[in-house]
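Please keep the structure open while reading them.

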Amino acid sequence: MHQKPTKTCITSAEFGRLYSDYNPRFTEVTYRYVRDRGIAEDLVSDSFMAFWEERDRLPEDVNAPAYVLTIVKNKCLNHLKVRLLHLPVSYTHLRAQRPY
């Protein structure tokens, strides 16, 4: 049996328009999370790339901006979690918590 060819949810021209229309907005949202313009731009670019790489596995009627924004949000949260894990601990803060 032959499988039907899967139709992609977005063409490269549509993706270009999606990127042009939403990249500035998503970068601003991301900047509010991470407070670093370069990191915000990288996270948004990575999110668009992840969407592009997944496009053939997504339904044709996917809400592309919402899907990319969800990726952006998850990348922001992952970035913040990693950053929190690597925060330096202040020795004076630790001394203040000691009961003795």
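Which residues do ring pairs link into a cluster? The points below start there.

1. This is a predicted model, in which local features need pLDDT of at least 70, side-chain atom pairs count only at pLDDT 80 or more, and totals for chains, interfaces and linings use all residues. Residues are numbered from 1 along each chain as its sequence is written, and side-chain values use heavy atoms, with hydrogens and water left out.

2. The cluster linked by ring pairs consists of Phe15, Tyr19, Tyr22, Phe26, Phe48, Phe51, Trp52 and Tyr67. Rings of Phe, Tyr and Trp (its six-membered ring) pair if their centres lie within 6.5 Å; planes under 30 degrees apart count as stacked, over 60 as edge-to-face and the rest as tilted. Across the whole structure, the search finds seven aromatic pairs. One of them is the stacked pair of Phe26 and Phe48, with 6.0 Å centre to centre and 25 degrees between the planes. This pair links distant parts of the chain, 22 residues apart: Phe26 is in helix α1 (residues 12-34) and Phe48 in helix α2 (residues 37-54). Helices (H or I, at least four residues) are DSSP runs, numbered from the N terminus.

3. Phe26 and Phe48 are both buried, meaning under 20% relative accessible area (1.4 Å probe, protein chains only). The largest nonpolar core has 17 residues, of which Ile10, Phe15, Leu18, Phe26, Phe48, Phe51 and Val68 touch the most other members. Helices α1, α2 and α3 (64-85) each supply at least two residues of this core. A nonpolar core is a set of buried Ala, Val, Leu, Ile, Met, Phe, Trp, Tyr and Cys residues joined through side-chain atoms within 4.5 Å.

4. Not counting residues up to four places away in sequence, Val68 touches Leu18, Phe26, Ser47, Phe48 and Phe51. Contact here means heavy atoms within 4.5 Å.

5. Thr27 lies in helix α1 and counts as buried because its relative accessibility is 8%. With residues up to four places away in sequence left out, Thr27 touches Arg37, Ala40, Glu41 and Val44.

6. Arg37 also lies over the face of Tyr31, at 4.2 Å from the ring centre. Arg25 lies over the face of Tyr22, at 4.6 Å from the ring centre. The cut-offs for a charge over a ring are NZ of Lys or CZ of Arg within 6 Å of the ring centre and within 35 degrees of the ring normal.

Technical notes: Buried < 20%, exposed > 50% of the residue type's maximum accessible area, 1.4 Å probe, protein only.
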